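Reader: I would like to go through this structure by question and answer. Please start with the overall fold and then move to single residues.

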Amino acid sequence: MVDHASNRIPPRWGDLGLPPSERVRHIAWDPGALAVSLRLSALLDAPVVHATVSRLVIDCNRDLDAPDLIPVISEHTHVPGNAAPTDEDRQWRIASAHTPFHSAIDRVLDARAAAGLPTILVCMHSFTPTYKGKARPWPIGLIHARDARYTAALRDALVADTPDLNIGWNEPYSALNGVTYTLEHHGDGRGLDATMIEIRHDEILEPNGVALWAARLARCLEAARVALAPGPVVTGATAHQHQGEGNG
């Protein structure tokens, strides 16, 4: 699942008062996250659901009551178009982006459950090398669900695969930061094995980096699955889905 796959701002919201230079920065999306996810989809024969609007319009990885659901400021950048959204505008953003994204995830998970397919929920993100002037040394961070076992098994698999890899545990974020809505709502909420992966975006801005990380994660996600539930591999049909915009 890729909450922040796109930096697209639909015409209804113009440019949110931001110049192009701001709209291509990490504040608008997670560069590289979708590319890695699509490569993983092919390697693991797994479905991908991704958002198609910028998190500056609405953050699909936030609860509807979260204060930064429609961010007024991101890192040091003020977003003029989000300064005072009306109730009507807020509901339009929810109905055209947030709800369709999570409904698409539910449809995929419901279909897999109905077919008796085992499912592990993987939420894919990327993060900036520095944030508010503070360097982030980890090329990858892992954020665990309420049940940490799968994420711990993934960490162990990554260590075995790449022994010198600096892995952030609940870094650069954790559930305490309020950034795990998709993980909690669809993973914990259904009692699924689940994990949230954060890759430092300078690692995955080019095709070679995308290929390296996708191959590494494919090996390690599968190794973690086997470590927790040894047995034959059962896969479902690949499904590439995206969240629509309703009527807007």
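This is a predicted model: local features need pLDDT of at least 70, side-chain atom pairs count only at pLDDT 80 or more; totals for chains, interfaces and linings use all residues.

Reader: What radius of gyration does the protein chain have, and what would a compact globule have?
Author: The C-alpha atoms fill a box of roughly 55 × 45 × 30 Å along the principal axes. For 248 residues, a compact globule would have a radius of gyration near 18 Å. The protein chain agrees with that, because its own value is 18 Å.

Reader: What share of the contacts with a separation of 6 or more is between residues 24 or more positions apart?
Author: A contact here means heavy atoms within 4.5 Å. Among the contacts with a separation of 6 or more in the protein chain, the share from residues 24 or more positions apart is 79%.

Reader: What part of the accessible surface belongs to carbon and sulfur atoms?
Author: Of the 248 residues, 50% count as buried. The accessible surface of the protein chain comes to about 11300 Å². The part that belongs to carbon and sulfur atoms is 55%.

Reader: How far apart do the centres of the positive and negative side chains lie?
Author: The protein chain has 22 positive side chains and 29 negative ones. The distance between the centres of the two sets is 1 Å.

Reader: Why is Cys-60 too far from the closest cysteine sulfur for a bond?
Author: A disulfide needs two cysteine sulfur atoms within 2.5 Å. The closest cysteine sulfur to that of Cys-60 is in Cys-123, and it is too far for a bond because the distance is 12 Å.

Reader: Which cysteine has the sulfur nearest to that of Cys-220, and how many disulfides are there?
Author: Cys-220 is buried, with 2% relative accessibility. By the distance rule, the count of disulfides is 0. Cys-220 is accordingly in no disulfide, and the nearest cysteine sulfur, 18 Å away, is that of Cys-123.

Reader: Is Glu-88 buried or exposed?
Author: Glu-88 lies in helix α3, which spans residues 87-114. Exposed means over 50% relative accessible area. Glu-88 has 60% relative accessibility, so Glu-88 counts as exposed.

Reader: Which residues does Val-36 contact, leaving aside its neighbours within four places in sequence?
Author: Val-36 is in helix α2, residues 33-44. With a relative accessible area of 0%, Val-36 is buried. Leaving aside neighbours within four places in sequence, its contacts are Met-124, Ile-199, Ile-204, Val-210, Ala-214 and Leu-217.

Reader: How far apart in space are Ile-197 and Leu-40, C-alpha to C-alpha?
Author: Ile-197 lies in strand β9, residues 193-200, and counts as buried at 0% relative accessibility. Beyond four places in sequence, Ile-197 is in contact with residues including Val-122, Cys-123, Met-124 and Leu-217. Leu-40 is 157 residues away in sequence, and the C-alpha to C-alpha distance between Ile-197 and Leu-40 is 13 Å.

Reader: What separates the C-alpha atoms of Arg-136 and Arg-200?
Author: Arg-136 is in the loop between β6 (134-135) and β7 (140-144). At 9% relative accessibility, Arg-136 counts as buried. Arg-136 touches Arg-200, and among its other contacts are Pro-172 and Tyr-173. Arg-136 and Arg-200 are 64 residues apart along the chain, and their C-alpha atoms are separated by 8.3 Å.

Reader: Which residues does the cis peptide bond join?
Author: Most peptide bonds are trans. Pro-172 is in the loop between β8 (167-169) and α5 (181-187). With omega about 0°, a cis peptide bond joins Glu-171 and Pro-172.

Reader: What phi does Glu-75 have?
Author: Most residues other than glycine have a negative phi. Glu-75 lies in the loop between β2 (73-74) and β3 (77-78) and counts as buried at 17% relative accessibility. Its phi is positive, near 55°.

Reader: What is the phi of Lys-132?
Author: Lys-132 is found in the loop between β5 (130-131) and β6. Its relative accessible area is 48%, so Lys-132 is partly exposed. The phi of Lys-132 is also a positive value, near 50°.

Notes. Residues are numbered from 1 along each chain as its sequence is written. Side-chain values use heavy atoms; hydrogens and water are left out. Helices (H or I, at least four residues) and strands (E, at least two) are DSSP runs, numbered from the N terminus. Buried means under 20% relative accessible area, exposed over 50%, partly exposed in between (1.4 Å probe, protein chains only). The radius of gyration is taken over C-alpha atoms; the globule rule is 2.2 Å times the number of residues to the power 0.38. Accessible areas come from the Shrake-Rupley method with a 1.4 Å probe; for residues, only the protein chains shown count as cover. Lys and Arg count as positive and Asp and Glu as negative; His and the chain ends are not counted. The place of a charge is taken as NZ of Lys, CZ of Arg, CG of Asp or CD of Glu.
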